[in-house]
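These are my notes from a first look through a structure I had not seen before. I went element by element and wrote down what I found.

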Amino acid sequence: MTVMRLQRALARAGVTSRRKAEDLIRAGRVRVDGAAATLGMSVDPERQRVTVDGRAARPGPVTWLALNKPVGYVVSRGDPEARRTVYDLLPKVPGLTYVGRLDVMTSGLLLLTTDGAAAHRLTHPRFAVPRTYWLRAHGRALDVVGAALARPVVLDGRAVAVAQFRVRPVARSVEIELTLAEGRHRIARRLAEALGLKVEWLHRVAYGPVRLGRLAEGRYRRLAAREIEAIERLHGTA
């Protein structure tokens, strides 16, 4: 187990949400190794005793899920516009968080876990974990798109980290298999638009060592042990 914020440890233990955990801490109802807890402190739930109103709070086992997110679902716990969220498709697991967002119109692989440190490794720019997308778009000829992707494409003042790509014609459109070693906000869609393409659909098929495979749309699966081990090998265990 890793050191984590106390609020997250309480959420992982199924006590309450992280936001409501702050209220418990402020009210003096949370103690760590017998001492009153303070906001902002971190704990190791495996080595330290965390209690709420005198009752022990311990996180459950680490969970890893892969979801084939459909178009129209928001990657969020809740939505002010009352749209459906990915959590409507998942089991209720305390502390479950998503690894990298997909916008509402993008489908495909979404990883979720209760391992906050591993989620950080998979999303932080310095680790450059690859993400692979398929997309169909129109507006530029095949050779133009290929030539443009072979050169640096600059967004927000810096080049997009394109690891590899393949382009093929489909009727009057092009299909692109695109692997990016970064995850800036809506980066795959914005990259296509920067090339003058109008995106018809965008679908993520891999994130790090995990592939979507034949998982049906709207369904989830638990990661296999070998996939979790591959995630841990990326940059060492958290």
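I began with strand S15 and strand S16 (residues 210-211), which run antiparallel and are joined by two bridges. I noted that Tyr207 stands opposite Val210 in S16. The hairpin of S15 and S16 has two residues between the strands, and Gly208 there takes a positive phi near 55 degrees. I keep in mind that this is a predicted model.

Next I looked up the other partners of S15. Strand S10 (residues 131-138) pairs with S15 in the antiparallel sense, over eight bridges. In that pairing I found Leu135 opposite Leu202. Strand S9 (residues 107-113) runs parallel to S15, with two bridges between them. Here Ser107 is placed opposite His203.

Then I turned to the nonpolar cores. The largest has 34 residues, and Leu112, Ile176, Leu180 and Leu197 have the most contacts inside it. Elements giving two or more residues to this core include S9, S10, S15, strand S14 (173-180) and helix H5 (187-194). I listed the contacts of Ile176, leaving aside neighbours within four places in sequence: Tyr133, Trp134, Leu135, Val145, Leu149, Arg166, Val167 and Leu197. As a general note, nonpolar side chains tend to be buried together in soluble globular proteins.

I looked at Thr106 in the loop between strand S8 (97-99) and S9. Its relative accessibility is 2%, so Thr106 counts as buried. The side chain of Thr106 makes a polar contact of 2.9 Å with that of Asp103. Apart from neighbours within four places in sequence, Thr106 is in contact with Lys69, Pro70, Arg189, Leu202 and His203.

There is also an open sheet of four strands, in the order S3-S2-S5-S6 with antiparallel pairing. Strand S3 (35-36) and strand S6 (55-56) are at its edges with a single partner strand each, so one side of each has no neighbour in the sheet. Strand S2 (residues 30-32) is joined to S3 by two bridges. Val32 has Ala35 in S3 as its bridge partner.

Last, I searched for charged pairs. How many salt bridges does the whole structure hold? The search finds 16. I followed up three of them.

Arg26 and Asp23 form a salt bridge at 3.4 Å, N to O. Both are in helix H2 (residues 18-26), three residues apart, about one turn of the helix. Arg26 counts as exposed at 55% relative accessibility, and Asp23 as partly exposed at 46%.

Asp79 and Arg83 form a salt bridge at 2.9 Å, N to O. Asp79 is buried at 17%, whereas Arg83 is partly exposed at 34%.

Arg190 and Asp156 form a salt bridge at 2.8 Å, N to O. Arg190 is in helix H5 and Asp156 in the loop between strand S11 (154-155) and strand S12 (158-159), so the pair ties together parts 34 residues apart in sequence. Asp156 counts as exposed, at 56% relative accessibility. I also noted that Asp156, Glu182, Arg184 and Arg190 are linked in a network of salt bridges.

Definitions and conventions: Residues are numbered from 1 along each chain as its sequence is written. This is a predicted model: local features need pLDDT of at least 70, side-chain atom pairs count only at pLDDT 80 or more; totals for chains, interfaces and linings use all residues. Side-chain values use heavy atoms; hydrogens and water are left out. Two strands pair if DSSP finds at least two bridges between them. A nonpolar core is a set of buried Ala, Val, Leu, Ile, Met, Phe, Trp, Tyr and Cys residues joined through side-chain atoms within 4.5 Å. Buried means under 20% relative accessible area, exposed over 50%, partly exposed in between (1.4 Å probe, protein chains only). Contact means heavy atoms within 4.5 Å. A polar contact is a pair of N or O atoms within 3.5 Å; within protein, one must be able to donate a hydrogen and the other to accept it, and residues adjacent in sequence count only if both atoms are side-chain atoms. A salt bridge is a side-chain nitrogen of Lys or Arg within 4 Å of a carboxyl oxygen of Asp or Glu.
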